[in-house]
Amino acid sequence: MGPKKSGIEQVPLSSIKDVGSIKENILRIVHKANSSHLGSCLSVVDILTVIYSEIVDKVAIKNKDKKRDIVIMSKGHAAAAYYAVLNKYGYISNLELENYLEDGTKLGGHVHHFENNFIELSTGSLGHGLPYGVGTALAQKKFNSSGRTFVIISDGECDEGTTWECALLANQYQLSNLVVIIDRNLIQSLDSTESVLALEPLAAKWTSFNWNVREIDGHSHEELFSALSDTRGPLCIIANTTKGKGVSFMEGKVLWHYKSPTDEEYADALREIQG
Amino acid sequence: MRNTFAAELLKAARNDSTILLITGDLGFGVLDEFRSELPEQFINSGVAEQSMMSMAAGLASQGFRPFVYSIANFPTFRCLEQIRNDVSYMKNPVTIVSVGAGMGYGAHGYSHHAIEDIAVIRIFKDIEIYSPSDQEETIFCIDKILNRSVPSYLRLGKGGELSLKLSYGFEHTNREKITGDFQGAVFWTGAIGSEVLKAKGQLEGEGFRISATSFPEISKEAICEALNFNVDLPILTVEEHVFEGGFGSSVLEIASDIGHKGRITRLGIDSRNKHQLGSQSFLRELNGLNSPSIAIKLKALMESAT
């Protein structure tokens, strides 16, 4: 666990300071590589930043400690955001980050595990991270580890059957150490989640599966910190987010699931992020 | 075979708490002893094969040795992408155990027939395939799996298989310890071995000299080993699996690669027969996989070579 920051004399979370340069890196590498999923990256980046900055024991992860916290980025298409966060906290070198999507890169367009790195699981096909995380959380319990498993999924991923299989399994195995964070940006691949395959009432669904459910503003680092510090699991954090957050012409647009910014759009986006 | 598996795994798990037996809510009467003696090492995932497989991969990633047990296609086809991405690609040492190999579930029908499984699993080079013929080979396979820490697939008969009483002539294959001037060879994998040996016995009674090799593991090493022993002999391959992509196909590919000069013919399941219902012995006969049909095929092969 990171330092506790509660009470009256609240110190600002360092994640708030960190996330600016992370967003700049995301914009830069996605623009440079002419790749996609920028909207998804900007909706999930605050979640990832708070997890790594404030919640997990970074030294234990670096040491590959058997009792470390385990983070699984199941929303594999927002890989650029994950790589930029891992770079910020020293798990991916600047050189590797710059090679994102280059020939021979270690950083593919979907989250890519390679030997001896700190990415627990390659993802990209939705619905794999949560069941894998049920396995690691179960392993942590069997080892009497104090480590927790954090799985970040997209709201579109809630269409997958395995999400609901795991909603049952985590409750059955009483996985108090399992946290699923849903990046609830309301947009999936082709349209809004509610017009494709309606998820609401989403919180009630998880509650009915006997999960501890917290619904928060997924861009508020304080709310993320508070929810992620709740150790009464299995815990489902519905993080209400905005696709393309922070860039006015990207916010809430399906288009930015796919589009790569032009030079002009990149300059405008960077200005807004820095503003 | 499945009872041998359960007993052997229990024996190993008593001394190794990392061994886990995970079932997709199947194994009534077969897994009971394991479950009651080692409840902490037994997990029932419910009827949720996809999550079961990824969960097993997650457990394996943290140092456990999960054996995922289910019937026929449920632990393979039902969760093939989980096997591909989370087990094979991630090289997590999960052992997938499929019971009811071939048409072991007889009149239960096609949903319960594991007849295309070798073809799909062998695509994944990171998964080792084990397909024992009898109890002794099942023990050989479990020992080998436990001594290696890699993804594995164990294909088991439903039960009641006879002991073939072969002896391990080689590291990878199982054969009679005889050498001689053979006229032909027969290679098989799995419980169909009992039919093959009956056919072989009949032909030996007619004066044929036949080299017989069982493949409890289907690997390049095993096939090379057997081809090198049976240099340029005509070979019949027999499997309770469709012709496409199975054991016989593996033999043909490797024989071609190494330039084996003898003729190779195959026996397997004609997939057009998949709508037929009946007992395992009826379905074997229908597909030419009973001992008289095997004898006819093998005899014709040897006679055509002379």
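Domain bounds here come from an automatic or database domain assignment. For chain B, that assignment gives domain 1 (2-156) and domain 2 (174-305). The model is a predicted one, where local features need pLDDT of at least 70 and side-chain atom pairs count only at pLDDT 80 or more, while totals for chains, interfaces and linings use all residues. Residues are numbered from 1 along each chain as its sequence is written, and chains are lettered from A and ligands numbered from 1 in the order in which they are written.

Taken over C-alpha atoms, the centres of domain 1 and domain 2 of chain B sit 26 Å apart. Contact (C-beta atoms, placed from the backbone, within 7 Å) links 24 residues of domain 1 of chain B with 27 residues of domain 2 of chain B. On the domain 1 side, helix 5 (117-121), strand 5 (128-130) and helix 6 (135-147) of chain B are the elements that give two or more residues; helices (H or I, at least four residues) and strands (E, at least two) are DSSP runs, numbered from the N terminus. That side of domain 1 of chain B splits into twelve nonpolar, six polar and six charged residues, with Ala, Val, Leu, Ile, Met, Phe, Trp, Tyr, Cys and Pro counted as nonpolar, Asp, Glu, Lys and Arg as charged, and the others, Gly among them, as polar.

Between the chains, the contact takes 19 residues from chain A and 20 residues from chain B. Helix 6 (129-142) and helix 7 (161-172) of chain A each give two or more residues to the chain A side, and helix 6 of chain A gives the most, with eight. Sorted by type, the chain A side has nine nonpolar, nine polar and one charged residue.

Leaving out residues up to four places away in sequence, A:Ala81 touches A:Ile26, A:Cys41, A:Val44, A:Val45 and A:Leu48.

Methods: Contact = placed C-beta atoms within 7 Å.
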